[in-house]
Amino acid sequence: MKKIFFMAALAAMTLASCTGGASGEQKEAAVQQKNEVIETIMSRRSIRQYKDMPVERTKMDTILMCGINAPNGMNRQSWEIRVVGKEYIDGVTKLYVEENPDAAKDPSFKNIFRNAPVAVLVAADTEYELSQIDCGLLGENMMLSAWSMGIGSCCLGSPVRFLKSETAKEFYDKLQFSDGYELVYAIGFGYPDEAPAAKPRDAQKIKYVD
């Protein structure tokens, strides 16, 4: 019994000596090194080439739930979301290529959602002036949660411009957004088939104001 007590006390003293001697900065650095949220944010990249495989519905459900749990003004949740897959994407891409035949000459071109196998389309409430901010927060949550599961993404504006054109009206109408909601951006999702390097960020644009 004494031997067991002695071994337990020795282990406790050893643990204390390993952690107690570290400075506050060292402890903070150790925590940051293991912070998966920070790692996900800093490692995320915009992906434009994807593997030829779908994103599982269960994972898309998780991504979407992370999206709608984003902060938003007065909990108005001033967004509407539509998820489109292969049939929709192929259909609208066919129309796009008919109007923009040069696009098909690019060997890397597969569809207008930057080749993603699934796309999320986000509409904002036009009667709420801060709705686009809410929609932006929604999108960031989705992209970060996707990256944490090994799924790439790319935030897109050009498919939205085409969907709002008269040529693609049939496909825009299929989205059935409620009255007063307007499509503002799209996000393509899929498993990455590239590993782009990080682009530089201008930290000089950050200023502390006393």
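Leaving aside residues up to four places away in sequence, Asp 125 touches Arg 76, Ser 78, Ser 131, Gly 180 and Tyr 181. Keep in mind that this is a predicted model.

Where does Asp 125 sit? It lies in strand β2. Is it buried or exposed? Asp 125 is buried, and yet it has no salt bridge. The nearest side chain of opposite charge belongs to Arg 76, and that is 4.1 Å away. Why doesn't that pair count as a salt bridge? Because a salt bridge needs the nitrogen and the carboxyl oxygen within 4 Å. A polar atom of its side chain lies 2.9 Å from the backbone nitrogen of Glu 127.

Now step back to the whole protein. How many helices and strands are there? The protein has 8 helices and 4 strands. Reading along the sequence, you get α-α-α-α-β-α-β-α-β-α-α-β. So how much of the protein is buried? Of the 210 residues, 32% are buried. Then look at contacts with a separation of 6 or more. Residues 24 or more positions apart account for 83% of those.

On to the sheet. What is the strand order? It is β1-β2-β4-β3, in an open sheet of 4 strands with antiparallel pairing. β1, residues 79–84, and β3, residues 152–156, stand at the edges. Each has a single partner strand, so one side of each is left without a neighbour in the sheet. Neighbouring strands are turned by 25° against each other on average, ignoring direction.

Here is a general point about strands. In a regular strand, side chains alternate between the two faces of the sheet.

Let's look at the pairings. Strand β2 covers residues 118–125, and strand β4 covers residues 181–190. These two pair in the antiparallel sense over 8 bridges.

How covered is β4? Mostly: 7 of its 10 residues are buried.

Which strands does it lie across? Helix α4 lies across β1, β2 and β4. It runs at about 165° to β1.

Next, charges. How many salt bridges does the structure hold? The answer is 5. I'll take you through some of them.

Start with Glu 80 and Arg 82. They form a salt bridge, with the closest N and O atoms 3.2 Å apart. Glu 80 counts as buried, at 14% relative accessibility. Arg 82 is partly exposed, at 22%. Why do those labels differ? Because buried means under 20% relative accessible area.

Now Lys 86 and Asp 90. Their side chains meet in a salt bridge, 2.8 Å from N to O. Both residues lie in helix α5, residues 86–99. They are 4 residues apart, about one turn of the helix. Lys 86 counts as exposed, at 61% relative accessibility. Asp 90 counts as partly exposed, at 36%.

Then there is Lys 164 with Glu 182. Their closest N and O atoms are 2.8 Å apart, in another salt bridge. Lys 164 lies in the loop between α7 (158–163) and α8 (169–174), and Glu 182 lies in strand β4, so this pair ties together parts that are 18 residues apart in sequence. Lys 164 is partly exposed, with a relative accessible area of 41%. Glu 182 is partly exposed as well, at 36%.

One last stop, Lys 169. This residue is found in helix α8. Lys 169 is partly exposed, with a relative accessible area of 40%. How far is its C-alpha atom from that of Val 92? The two are separated by 9.9 Å, although Lys 169 and Val 92 are 77 residues apart along the chain.

To finish, back to Asp 125. Remember the picture: a residue in strand β2, buried and without a salt bridge, with a polar side-chain atom 2.9 Å from the backbone nitrogen of Glu 127.

Key: Residues numbered from 1 in each chain as written. Predicted model: local features only at pLDDT ≥ 70, side-chain atom pairs only at ≥ 80, totals over all residues. Heavy atoms only, no water. Pairing = 2+ DSSP bridges. Axes fitted to C-alpha atoms, helices over the stretch in contact; angles between N-to-C directions. Contact = heavy atoms within 4.5 Å. Buried < 20%, exposed > 50% of the residue type's maximum accessible area, 1.4 Å probe, protein only. Lys, Arg positive; Asp, Glu negative; His and termini not counted. Polar contact = N/O pair within 3.5 Å; in protein donor to acceptor, adjacent residues only side chain to side chain.
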